[in-house]
Amino acid sequence: MKYNRILLKLSGESLMGEKAFGIDNNRLASYAEQIRELVDRDVQVAIVIGGGNIFRGVQAEEGGMDRTHGDYMGMLATMINSMALQAALESKGVQTRLQSAIEMKEIAEPYVRRRAVRHLEKGRVVIFGAGTGNPYFTTDSAASLRAIEIEAQVILKGTRVDGVYTADPEKDPTATKYDNISFDDVYANGLKVMDMTAFTLCKENDLPIIVFDMDTPGNLKKVLNGDQVGTIVRN
Ligand code: GTP
């Protein structure tokens, strides 16, 4: 396979599947199956998953709640998704370890970088929950930070769209997809791949991002095979 250590960023919203809220078990099982295929081929997989299917920090602000308070609630939402994914992976025989950026030792290990790396070396999938543990940082930022820390070769950002387009393909029918684009061109063209904090972390640490459609089964394996799927963003 093209990469041997990856960080997979999954969206919380995608976990809803056809549902309006929460977790769609079919979608969860499909993700777990796709991840299992990589582990079977000796790819070291770390995962960060969002929490938007359960709670979003910005939602709290709209309701008059403190942003920081809402962000912490969002971090707990990512733990729920992380635990669901952990269970789904284990039901398929994949060994996992869940590490949380906020200490909750009854349900997860605390985040310890060297231990996470050790787990990966032993073939365990490591799920990083609770974002970075700090408000004002998204799960994309958590994914970028953890990917750099564990020296992943690439971030695979699984989304609903199948790559980076010249414009929003859901709004502009003439939008076309990039196969490759540089960080600088993403910025110069005002395109959105991740929020700027996450994006800058990747750029400055020379960590490529592959944006692809995770909801089409088989795509994840294709990315690892080096097939042209999605868009690769790099320096
Ligand atoms: P090795 O040291 O490589 O054998 O890794 P290991 O993860 O198997 O060792 P350890 O004995 O630390 O962990 C055994 C189990 O306990 C694993 O499922 C861990 O995820 C879990 N575990 C370890 N530390 C904690 C913790 O602080 N909280 C929780 N909830 N579980 C933990």
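Predicted model: local features only at pLDDT ≥ 70, side-chain atom pairs only at ≥ 80, totals over all residues.
Entry 1: I then turned to the strand pairings. β3, residues 96-100, pairs with β4, residues 109-110, in the parallel sense over two bridges. β3 and β5 also run parallel, and five bridges join them. I checked how covered β3 is: four of its five residues are buried.

**Entry 2: S11.** I located S11 in the loop between β1 (5-10) and α1 (25-40). Is S11 buried or exposed? S11 counts as buried because its relative accessibility is 14%, and the cut-off for buried is under 20%. I followed its side chain next. The side chain of S11 reaches the backbone nitrogen of E13 at 3.3 Å, and one of its polar atoms lies 2.9 Å from the backbone nitrogen of S14. Not counting residues up to four places away in sequence, S11 touches I49, G50 and G158.

**Entry 3: the nonpolar cores.** I recorded that the largest nonpolar core has 39 residues, of which I35, I47 and L156 touch the most other members. I listed the contacts of L156, leaving aside its neighbours within four places in sequence: I6, L7, L8, K9, I210, F212, L220, V223 and L224. I noted also a second, separate core of 28 residues, with L120, A147, F183 and F199 among them.

Conventions. Residues numbered from 1 in each chain as written. Heavy atoms only, no water. Buried < 20%, exposed > 50% of the residue type's maximum accessible area, 1.4 Å probe, protein only. Polar contact = N/O pair within 3.5 Å; in protein donor to acceptor, adjacent residues only side chain to side chain. Contact = heavy atoms within 4.5 Å. Core = buried A, V, L, I, M, F, W, Y, C linked by side-chain atoms within 4.5 Å. Pairing = 2+ DSSP bridges.
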